[in-house]
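Please open the model in a viewer and keep the sequence panel beside it.

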Amino acid sequence: MAGFLKKLMPRRFRRDGVTIPAIRLHGAIMAGGGQFRPVLNLAGVAPLLEKAFSIKEAPAVAISVNSPGGSPVQSRLIYQRIRDLAEEKKKRVLIFVEDVAASGGYMIALAGDEIIADPTSIVGSIGVVSGGFGFPELLRKIGVERRVYTAGENKVVLDPFQPEKQRDVEFLKSLQLDIHDIFIQMVKTRRGSLLADHPDIFSGLFWTGKRSQELGLVDSLGDMRGEVKKRYGEKARLELIQPARSLFGRRQPGAAVAGSIAGPLAASAAAGLVEAVEERALWARFGL
C-alpha cells in the first residue's frame, strides 16, 4: 500500500532520488512573438523561471539554451532574472548549450554557475550587430516622393527611405560600442580568470563547444541528462517545466467580427513576416 501511494506522489516529493527542474530556452530573442511564432523574451520566460526556482527540494536548476541571439535588452533581462532567482532561492544554475548559444544566447548562458556545451555546438559571437535596408533609389525609380516633417533635426536618423548619412552611421556605431562594452564586462565578470588570453574572444567570432572550452567560454562538455546523473546520482531525474496550456493544448485566439480585425491583422501579418525573416537570418548565420 505504501509503495502504491508513493507512486501517486509528484516525483519531486519522493525520497528515492533528487529531482532537478529543467527549462528549455530555445529560439531567437525578441520583444515580440506570438502564439504561432514563439520567441524568447522576459515576459514569456519569467513564469517558467519562477516555477523552476520555487521547487524547494531541488539543489539546482538546469537550463538548456539554444539561441542565435537577438535583442540585447531581452537577453540581459533574462540573464538578470536567472541570477536574481538563483541568489534569492540559493540554487545552483547549470546551463547546457545545445546547437548554439551565440550573441544574446551566450549572454543568457552567462547566468549559469557552470556552462556545459556539446562538443559540436556553436558558442560565442560576443559582439553587436544592426542591419537594415535602404530604398531611396527604388522610390525614385517608381516615382514616389518621400515627405517627412519633424521637430528635431535627428528624428529621422537612419531613415531607410533617405540616402545614408555618415553622421547617422557614426551615431549607430557609438550605440553599438556602448552595448558591446556592457557585454564584454558581463563576460569578464562571470568568466573571470577562466578566459584565455585570445585576441578574438570579443571580436564577434564563434567556435565549437570543444574550442570554446579551451578559450574558457564554457566549463565542460556534456549533456543535461548525463551531467545530472553524474552529479546527483543514478536515481536523479529531470522535471521539465513547461508553459501552462489550455484545455485544447494551446491558447485560443479571441473571437471578433472579421471586418473589425482585418486592418490590424494585415499589419500584424506584415510585421510578423519581417520578424520571421530576421529570425531566419539569425539562425542562418550559424548554418542552422
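A polar contact is a pair of N or O atoms within 3.5 Å; within protein, one atom must be able to donate a hydrogen and the other to accept it, and residues adjacent in sequence count only if both atoms are side-chain atoms. Helices (H or I, at least four residues) and strands (E, at least two) are DSSP runs numbered from the N terminus. This is a predicted model, in which local features need pLDDT of at least 70 and side-chain atom pairs count only at pLDDT 80 or more, while totals for chains, interfaces and linings use all residues. Residues are numbered from 1 along each chain as its sequence is written, and side-chain values use heavy atoms, with hydrogens and water left out.

**Whole chain**

Display the protein chain as a cartoon: it contains nine helices and eight strands. Of its 288 residues, 36% count as buried, where buried means under 20% relative accessible area, exposed over 50%, and partly exposed in between (1.4 Å probe, protein chains only).

**Helix α8**

Select residues 224–232, which form helix α8. At its start, a side-chain oxygen of D223 comes within 3.4 Å of the backbone nitrogen of R225. Just after the helix, G233 has a positive phi of about 100°. Buried in α8 are M224, E227, V228 and K229. The buried residues of this helix pack against β1, β2, β3, β4, β7 (220–221) and β8 (237–240).

Next, show the side chains of E227 and R231, which meet in a salt bridge with an N to O distance of 3.1 Å; a salt bridge is a side-chain nitrogen of Lys or Arg within 4 Å of a carboxyl oxygen of Asp or Glu. The two residues lie four apart in α8, about one turn of the helix. E227 is buried, at 5% relative accessible area, whereas R231 is partly exposed at 31%. Salt bridges with shared partners join R92, E114, E227, K230 and R231 into one network.

**R92 and E114**

Move to R92 and E114, whose closest N and O atoms are 3.2 Å apart in a salt bridge. R92 lies in strand β3 and E114 in strand β4, so the pair ties together parts 22 residues apart in sequence.

**Helix α3**

Select residues 72–89, helix α3. S71 caps its N-terminal end, with a side-chain oxygen 3.3 Å from the backbone nitrogen of V73. After the helix comes K90, with a positive phi near 55°. The buried residues of α3 include I78, I82 and L85.

**The cores**

A nonpolar core is a set of buried Ala, Val, Leu, Ile, Met, Phe, Trp, Tyr and Cys residues joined through side-chain atoms within 4.5 Å. Select I23, L25, I63, I82, Y106 and L217, which have the most contacts inside the largest core, of 45 residues. Helix α2 gives the most to this core, with seven residues. Apart from it lies another core of nine residues, among them L94, F96, M224 and V228.

**D118**

Finally, select D118, in the loop between β4 (114–117) and β5 (122–124). Which residues does D118 touch, not counting those up to four places away in sequence? They are V97, G209 and G222, a contact being heavy atoms within 4.5 Å. The side chains of D118 and T120 are joined by a polar contact of 2.5 Å. D118 counts as partly exposed, at 31% relative accessibility.

Technical notes:
Expected span 1.5 Å × (residues − 1).
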